[in-house]
Amino acid sequence: MQAVRSPFTRESADTRRDALIAACATSLAKNGVQGTSVRVICTAAGVSSGLLRHYFEGVDALVAATYRWTGDKVQTALADAVAVAPQTPRDRLLAYLTASFVPPIADPELLATWLAFWALTKTDAQIAMLHGEIYRDYRADLEALLAACQPGDHRLTAVALTALVDGLWLELSLGDAPFSREEAGVLVEKWLDSLLG
């Protein structure tokens, strides 16, 4: 007779912490902020509810760690796109801008998780601070890529391109966008040319 496996398994500390973060991201995407609880997260992660406090001060700290983890995941995808692009400054810049239009960034689950974080920026000071940091880092990288193409102050250009990319990414991630990923890239390139003059 085969033994019944317990729903909770022994894993390394990093594995359990990462499992809690991934489960939190999935719950935020599936259940929203209101449906994301300690019990839901811990069940999905395969750990006991008491274990969450071993790694985080509470669910709010876990949500904040999940936002940082999600931001890092997006930043890694952007950096990977730049790394494989032809190494001209313009190609690297376009790779950075258009990486948001393909997986893993253009993904309905990532969008749902990101929307939960956006909603929390109005009510949670720590999430608002993280939001500011994540977008500041994105724009700083974008400004550096812009400066490699054309020297100068590109702060407002980065703000404008970030807004454009966010809007196109949102439409693509929702599905049934009135444009293709390729057309989104064409729009970004035209805006870029217009902004750089």
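A residue counts as buried when its relative accessible area is under 20%, as exposed when it is over 50%, and as partly exposed in between (1.4 Å probe, protein chains only).

A quick word on the ground rules. This is a predicted model, where local features need pLDDT of at least 70, side-chain atom pairs count only at pLDDT 80 or more, and totals for chains, interfaces and linings use all residues. Numbering starts from 1 along each chain as its sequence is written, and side-chain values use heavy atoms, with hydrogens and water left out.

Now the overall picture. The protein chain has 9 helices and 0 strands; helices here are DSSP runs of H or I with at least four residues, strands are runs of E with at least two, and both are numbered from the N terminus. The C-alpha atoms fill a box of roughly 70 × 40 × 30 Å along the principal axes. Of the 197 residues, 39% count as buried. Take contacts (heavy atoms within 4.5 Å) between residues at least 6 apart in sequence: 64% of them join residues at least 24 apart.

On to the inside. A nonpolar core is a set of buried Ala, Val, Leu, Ile, Met, Phe, Trp, Tyr and Cys residues joined through side-chain atoms within 4.5 Å. The largest one here has 56 residues, and Leu20, Trp114 and Leu142 touch the most other members. Helix α4 (residues 59–84) gives this core its largest share, 10 residues. Leaving out neighbours within four places in sequence, Leu142 is in contact with Leu93, Tyr96, Leu97, Ala158, Leu161 and Thr162.

Pro103 and Pro104 are joined by a cis peptide bond, with omega at about 10°, and Pro104 sits in the loop between α5 (89–98) and α6 (108–120). Asp176, in the loop between α8 (155–174) and α9, has a positive phi of about 55° although it is not a glycine.

What does Arg181 touch, not counting residues up to four places away in sequence? The list is Phe101, Val102, Pro103, Ala106 and Leu172.

| Residue | Relative accessible area | Class |
|---|---|---|
| Arg181 | 38% | partly exposed |
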